[in-house]
Amino acid sequence: MSEREVTLVTRDGAELRFPCAAKDNVLAASEAAGYFLPAMCHEGTCGLCHARVTEGKYTMGPHNSAALQGGEVLLCRCEPDENLTVALPYNQAQVLRYKVPVRQAVIESMEPAWQNAVALTLRLQPDPEQGQAVEFSPGQYMELTIPGTDIRRAYSLANLPNWEGRLDFLIRLAPHGQFSTFLREQAKVGDAITVRGPSGSFILDESSVRPRCFVGGGCGLAPILSMLRHLGEFQDSQPTHLIFGANRESELVPQSDVEAVTAALPQIGVTLAVSAPEENWQGFQGTAPAALDAFLSQTDEPIDIYACGPPKMLEAIEILLQQRNRDDRLIAERL
Amino acid sequence: MFCYQCEQTAHTDSGAGCATSKGVCGKDEATADLQDLLIHLLKGIGQYSTRLHAAGTPDAAADHFILFGLFTTLTNVNFNRARFVELIAEAARIRDRVRAAYEAANPGAPPLGGPAAFTPATDLAGLLKQASPASVRAGIELVGEDVIGLRSLVLYGLKGVAAYAHHADVLGQTSPEVGAGIAHALDLLASDPTDVPVLLNEALALGHLNFKVMGLLDAANTGTYGTPQPTNVKVTPVAGKAILVSGHDLKDLHAILEAVKGTDINVYTHGELLPAHSYPNLKAYPNLAGNYGTAWQNQQLEFAAFPGPIVMTSNCLIEPQPAYRNRIFTAGPVGWPGVRHIANGDYSQVVQAAQALPGFPETAPEKTILIGFGKDAVLGVAGKVIDAVKSGAVKHFFLIGGCDGAAPGRNYYTDFAEKAPQDTILLTLGCGKFRFNMEDHGTVAGLPRLLDVGQCNDSYSAIHIALALANAFECGVNDLPLSLIVSWFEQKAAAVLLTLLALGVRNVRLGPTLPAFLTPALVGVLVEKFGVLPITTAEADIAASLNRAAA
């Protein structure tokens with residue numbers, strides 16, 4: 001049996017059930033299931049996640065026994081050996097449950113971006129219960145529903161969290177895509193759209209001390225722009241490089257967007273990679289993964305690579321990193 | 001990384017201290033190492049500064065910077081690596097300036113060594129390579145655990161003194177004596193001292209200095225915002241837009257109250273800002289609506305549930321959860337990577353966020369608690385208090401004060417307050433009070449049984465009350481029917497403990513655990529020389545305290 005079921009029983013009798021994989025701890029499994037229990041160090045030390053196992057066998061990982069009261073466990077170190085029932089020393093109100101918000105928005109503008117893409121801006125409609133704030137981690141996406149249908153499509157946010165209710169997207173118009181068809185043929189300014197989010201784990205690890213390299217292909221630039229804007233807003237000083245790949249020069253990100261990013265992040269290096277350029281092209285000739293390969297040749301230091309683009313681009317990056325066999329870390333999202 | 005400055009530090013088979021890639025508090029290895037380097041450079045500034053003070057030509061800006069720099073390294077204050085890279089560069093510039101002043105005044109003097117001569121790298125990777133000699137553990141194989149522990153006691157006490165001095169400084173209360181005392185301690189630490197009596201004396205000197213600093217802080221707070229008055233504070237929410245202000249800084253709270261003037265935004269205090277409601281010049285603001293939540297270690301749940309922006313003005317910050325990361329702001333010495341920081345006192349962004357966020361949908365059934373028993377309020381009824389003791393109506397005072405924390409052992413303080421007999425008065429301060437201050441403790445001899453003196457920053461007020469009572473009863477503080485039950489968590493509490501020891505206050509019950517940096521030999525010194533008592537159980541400690549009083 002590789003997966004166990006954990007049942008948490010709160011002091012006021014609510015039962016929370018979720019699966020827990022072998023060698024996983026109860027706290028991590030609860031968080032994966034959307035239940036956030038009081039916890040702080042996640043390392044078996046602080047004692048905040050103490051609770052009592054009432055049924056089932058478990059193994060405790062390394063922990064500070066002084067943080068335990070008699071007969072209790074620390075959930076961050078408690079690995080179930082079989083199905084487990086745990087009594088929590090607090091009420092269900094103390095358990096945070098993350099529910100993905102669903103909101104109404106209206107189309108504020110639709111502008112052609114570069115080749116075959118649309119820059120779509122939505123505005124959240126006022127809602128007394130949820131307010132007007134747009135809260136997300138740069139890199140995350142929202143799901144947009146085609147009006148009158150149940151069809152949802154996920155698009156990354158390109159702007160920053162804000163209090164004006166503004167959501168910016170960069171959407172590539174696929175020839176037969178359903179949302180693309182809606183945008184091309186039906187959508188107009190003022191239309192209402194249901195948005196669900198934020199979701200997604202393609203987010204910055206701001207605690208890492210490594211240099212960062214962002215690799216974007218096509219509309220994969222949207223979440224990367226959001227991340228770079230965020231780093232610029234916080235005057236991040238980490239060495240940073242951006243690689244943007246396109247087939248032709250006409251498909252490159254507009255120069256004004258590149259300039260806005262370099263103004264906010266003075267240390268950033270930018271490589272524009274074009275695989276089939278015109279004769280006078282002064283930049284890098286080749287794909288985005290080839291540009292990454294060239295970039296890696298210049299440094300021995302392990303780096304964090306944030307990549308978002310078409311599956312082919314990501315596969316090429318994965319193969320490249322396997323061949324290079326360095327200590328780099330890839331954080332990626334497929335379009 | 002190695003850090004064992006707070007009460008929750010890791011305890012493993014190989015000993016105490018956070019020595020992995022991340023501390024229990026959430027501080028990562030790079031940030032911890034950069035904090036060590038910043039302190040190393042501050043020692044270098046201290047080496048020159050102490051000489052400039054001796055010559056009567058102190059550099060006041062350097063003194064201010066030392067206070068702020070040390071404050072950023074307290075537990076749960078600043079986790080922002082990039083900020084420390086900047087502070088290290090600034091520290092090096094200031095060190096060069098005080099060096100130039102010293103050398104100009106002393107031509108031909110031999111150059112100072114150690115941190116005074118240290119040149120920090122200019123990038124993060126270079127700095128991290130330089131960190132290991134700046135660690136508190138550096139040289140342990142030569143000098144042993146006791147000396148390292150004592151140096152740590154001096155350094156951590158010094159951090160607490162600096163934090164309190166910074167709080168006073170931002171309100172315009174400072175004195176050259178404070179700058180000189182802090183520089184003296186840094187200069188001593190820069191010399192890698194090994195003499196145990198010298199280190200112990202420095203710790204006590206810091207205790208005395210801290211008493212003066214806390215006097216300045218008391219003058220700063222009461223001088224700016226008036227004398228605290230007994231006040232009923234709403235601890236339930238009111239319908240409407242909302243801002244939550246946490247930490248200790250009254251000036252930041254005041255700036256926020258000014259920023260929301262004329263709006264219908266309600267401002268709530270959190271944790272150690274609860275006592276703000278007792279200051280006349282703050283409670284005069286109609287937007288100051290009440291207190292929300294409890295002590296710092298519960299902030300992840302409380303902040304997630306708060307329907308507006310949150311401002312953290314000083315310690316204690318813990319890792320902001322995704323649920324509220326976009327609506328928490330830091331100010332002053334506080335920082336977290338990727339969290340908005342307000343450096344210029346302009347809170348308009350916070351007001352904008354409050355208006356965009358939903359606020360409380362409805363007013364909850366009202367509940368209030370009584371606070372505001374600073375020294376003036378308590379001593380204003382001193383006659384009543386003294387009569388109550390003389391008549392036997394009040395048998396004993398317990399000061400249950402200090403920090404709160406996450407460890408389960410802190411139930412001791414709840415038990416203590418619940419089980420203390422009805423003919424005793426409970427004085428409290430710090431955020432440890434949230435373990436018992438929402439309960440009704442009743443009255444005795446016409447006085448509320450629970451008297452909330454204020455923040456940990458108001459320890460001066462509590463000591464002042466004790467000294468005044470001793471004066472009235474014509475006895476020493478140790479002869480009063482008073483027991484001190486002190487819970488510590490971070491370095492401000494270490495400074496207050498040194499003050500109590502320096503003033504000769506004995507029989508302080510210290511918990512929930514003793515500092516990890518104190519070796520058994522050092523604990524022995526505290527127990528024998530200063531009468532410090534580790535806690536046992538609430539029942540036993542109450543009984544022992546009352547027996548001592550009766551004896």
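**View 1. Chain B has three assigned domains.** In this predicted model, chain B is split into domain 1 (11-223), domain 2 (231-356) and domain 3 (372-550). The views below look at where domain 1 of chain B meets domain 2 of chain B. Taken over C-alpha atoms, the centres of domain 1 and domain 2 of chain B lie 30 Å apart. Domain 1 of chain B brings 17 residues to the contact, and domain 2 of chain B brings 18 residues.

**View 2. Area is buried between domain 1 and domain 2 of chain B.** The buried area is about 1400 Å². Carbon and sulfur atoms give 59% of that area. Look for B:Asn76, B:Val77 and B:Phe79 in domain 1 of chain B: they lose the most area to domain 2 of chain B. Together they account for 33% of what that side buries.

**View 3. B:Glu319 and B:Lys22 form a salt bridge.** The closest N and O atoms of B:Glu319 and B:Lys22 are 3.8 Å apart. Between domain 1 and domain 2 of chain B, the count is one salt bridge. Polar contacts cross this interface too: five residue pairs are found, both residues at pLDDT 80 or more.

Note on methods: Residues numbered from 1 in each chain as written. Chains lettered and ligands numbered in written order. Predicted model: local features only at pLDDT ≥ 70, side-chain atom pairs only at ≥ 80, totals over all residues. Heavy atoms only, no water. Domains from an automatic or database assignment. Contact = heavy atoms within 4.5 Å. Buried area = accessible area lost by both parts, 1.4 Å probe. Salt bridge = Lys/Arg side-chain N within 4 Å of Asp/Glu carboxyl O. Polar contact = N/O pair within 3.5 Å; in protein donor to acceptor, adjacent residues only side chain to side chain.
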